[in-house]
Amino acid sequence: MPRTRAYQRTRHRKRGYGTWQPLVDATPVRQHLLALNSAGLSYAVIAERIGRSTATVTGFIYDAGPRRPRKKRATHELAAAILAVTATELVPGQVDATGTGRRVQALAAIGWPMRRLGPHLGVHPACVGRLAGQQFVYRSTARTVAEAYDRLQHQVPEEHGVSLATAVRTRKWAERMGWPNPVWWDDMGHIDDPTFDPTTAERGLNRDQLATLRRTEIAHLRSFGLTEETIAARLGMALSTVLAITAEIRTGQRRDRTSAVA
């Protein structure tokens, strides 16, 4: 073929001059890809931009297997194509990532470690954490995350291969981050609204409204057969408070809130 013969002639000539360098260091390529991904460009979008497969792009980021380590070299052509992609370009098919990030955070709040969410969300486990902080995501990613969220928000992670210690550690981490759980979002709404600030929404509730919210959360989780201990862990509440509210729900008798606060 003409292109093959031209390549061979070029290779032969450069070898003769001692300038033949078919591959270059892939470190700048990998760093550029990580920067693009952090800015909101998925590896699939980058691959589409340069006319290559997603596997070609992710090969610079991840090991493909025990015998296929991450690429450390790249052809001049491929390196130049990747380095030419910029994060400021318009990305067709991308949408605001507010709802996507909040759904990932909410699943962490009930004990789902982000790396374990990868198979459910259709992304590499190492990329799940980035979804919680990106500004934009591909429309298909947003849809996949929303569908997975609808399935997983009612599941107990410990019943799906997540150890109790890992689930508890994940819940405590999400609590420190201030991430609301799925029941909170169901009650408050606005999970896809970028103008809604969850950090100030609850502060606007008075004691009775907050108690009603907690009661609704507990009743919702009880409907799925969760134990009081699991509910307390999920909501970050004292077990005694959950037991008291559960008793209220069961008996229909409200507590004296002058001495107890939900």
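Visitor: How much space lies in the largest cavity?

Guide: About 40 Å³ lies there. The model is a predicted one, and this volume is computed from it.

Visitor: What makes such a space a cavity and not a pocket?

Guide: A 1.4 Å probe fits in a cavity but cannot get out, whereas a pocket is open. The structure holds two cavities of 30 Å³ or more. The second largest cavity also has a volume of about 40 Å³.

Visitor: Which residues line the largest cavity?

Guide: Its lining is made up of Gln153, His154, Pro182, Val183, His220, Leu221, Phe224, Leu226 and Arg234. Helices H11 and H13 (207–222) each give at least two residues to that lining. Sorted by class, the lining has five nonpolar, three polar and one charged residues.

Visitor: Which residues line the second largest cavity?

Guide: Ile110, Gln153, Asn181, Pro182, Val183, Leu221, Arg234 and Leu235 do. Here H11 and helix H14 (228–235) supply at least two residues each. The classes are five nonpolar, two polar and one charged.

Visitor: How much space lies in the second largest pocket, and what lines it?

Guide: This pocket holds about 440 Å³ of space. It has 21 lining residues, and Ser42, Tyr43, Ala44, Val123 and His124 are those nearest its centre. Two or more residues come from each of helix H3 (43–50), helix H4 (54–58), strand S4 (136–138) and H9. S4 gives the largest share, three residues.

Visitor: Which classes of residue does the lining of the second largest pocket have?

Guide: There are 10 nonpolar and 11 polar residues, and no charged ones.

Visitor: Which residues is Leu117 in contact with, leaving aside its neighbours within four places in sequence?

Guide: They are Val104, Leu107, Trp112, Val128 and Leu152.

Visitor: Which residues of H7 are buried?

Guide: Met114, Leu117, Gly118 and Leu121 are. Buried means under 20% relative accessible area, so each of these four falls below that cut-off.

Visitor: Why are the buried residues of H7 said to line one face of the helix?

Guide: Seen down the axis of H7, they fall within an arc of 130°, so they line one face. They pack against H6, H8, H9 and H10. The face turned away from the buried side carries Arg115 and Pro119, which are exposed. After H7 comes Gly122, with a positive phi near 75°.

Visitor: What does the secondary structure of the protein chain come to, and how much of the chain is buried?

Guide: The chain has 15 helices and four strands. Of its 262 residues, 37% count as buried. Among contacts between residues at least 6 apart in sequence, 68% join residues at least 24 apart.

Conventions. Residues numbered from 1 in each chain as written. Predicted model: local features only at pLDDT ≥ 70, side-chain atom pairs only at ≥ 80, totals over all residues. Heavy atoms only, no water. Contact = heavy atoms within 4.5 Å. Buried < 20%, exposed > 50% of the residue type's maximum accessible area, 1.4 Å probe, protein only. Arc of directions from axis to C-beta. 1 Å grid on protein atoms, 1.4 Å probe; cavity = no way out; pocket = protein on both sides within 12 Å on 5 of 7 lines; lining within 4 Å. Points joined across faces, edges and corners; volume = space filled by probe spheres on them. Nonpolar A, V, L, I, M, F, W, Y, C, P; charged D, E, K, R; others polar.
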